[in-house]
Amino acid sequence: MRETAAKPRPAGRAVTPADPAVAWLLASPEPGVRAQARRDLLDQPAAEDERAALDGPKVSALLAGQRPDGGFGGHPYRKWGGVHWRLVSLVELGVPAGEPRVLAAADRVLSWLTGGPHRRSGKEIDGLTRICASLEGNALGACCRLGLAGDPRVELLARALVGWQWPDGGWNCDQRASGRRSSFHETLPPAWGLHEYCQATGADWAKLASGRAAELLLEHRLFRSLRDGRVIDRRWLALHYPPYWHYDVLQALLVLSRMGLAGDPRAGDALDVVERLRPPDGRWRPGGSWWRLGGQGSGPAEVVDWGRDGASEMLTLNALRVLRSGGR
């Protein structure tokens, strides 16, 4: 993996282990949450918790029932228990690179996304490819985090995304779209994936494509119309975890923070939204959810209870990360 110089962090609110929200994260039953809080919020080493990430209850649940082919039965994209979704959640929970079960899951995802049937799923209309690029984007980011950037299939994902990118810097799967504007939902995961690929390989072409996608979001101040400044979709102002393929301001800020761009002045409105949503105890709560647990009605089911009403560890971790990265 190519070493990259750390970008200077804007001066923001001091974060210490005594901060109640940080102390809460450091007491998480999920070692991966503890490790990321220590590393990203306190700039402290977290090797012990990083090694123990596989022992976390959510990680254990996500890996339960894995089959010899690396999947979990059914289609890899089955919402929300298919291997594609579990892989992204495992990476966000900080599983270590090189772990055989996680690598088997990644192999299953890569085989699916680079196979003939999926590769033929896109449709070109008026010179623009209409495809759900969030699939490749999330898989690309996850696989790079797991140390797989050198796999030829991973490069194939990255180059395919660049080839499908629209003139405005984004991606879109809507076959009815005019071609003038991409989908924010389909643009954010590729921006992340291509950034991770550039970080891992030094590929300037991936950096350029990721930067174009980031510029699309920033010119809209992440959620505003270029025409009149109004909110494009009020659902984007609510926080969700996991976001899956959905767009919201916190997930956008998280990706931009990984790119060193959360301090861009045009991200200020979105940072304000996150700050306003912080409750008195400093623990962010979901404003909606895209998932449900199995046995709770019909529709896509999750294998992990991420929490619907109370404080969310992952939302709190991510909110504190982006505010710190944005100099708040």
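Which element gives the largest share of the lining of the largest cavity?

1. Before the answer, some ground rules: this is a predicted model, where local features need pLDDT of at least 70, side-chain atom pairs count only at pLDDT 80 or more, and totals for chains, interfaces and linings use all residues. Residues are numbered from 1 along each chain as its sequence is written, and side-chain values use heavy atoms, with hydrogens and water left out.

2. It's α10, with five residues. The elements giving two or more residues to that lining are α5 (83–92), α10 (184–201) and α12 (249–258); helices here are DSSP runs of H or I, at least four residues, numbered from the N terminus.

3. The largest cavity holds about 240 Å³ of space. A cavity is a set of points on a 1 Å grid over the protein atoms alone where a 1.4 Å probe fits but cannot get out, and lining residues have an atom within 4 Å of a point. Of its 22 lining residues, V88, N138, P243, Y244 and Q251 lie nearest the centre. The lining divides into 14 nonpolar, six polar and two charged residues, with Asp, Glu, Lys and Arg counted as charged, Ala, Val, Leu, Ile, Met, Phe, Trp, Tyr, Cys and Pro as nonpolar, and the others, Gly among them, as polar.

4. On cysteines, a search of the whole structure turns up zero disulfides (cysteine sulfur pairs within 2.5 Å). For C132, the nearest cysteine sulfur is that of C173, 3.6 Å away. For C198, the nearest is that of C144, at 10.0 Å.

Methods. 1 Å grid on protein atoms, 1.4 Å probe; cavity = no way out; pocket = protein on both sides within 12 Å on 5 of 7 lines; lining within 4 Å. Points joined across faces, edges and corners; volume = space filled by probe spheres on them.
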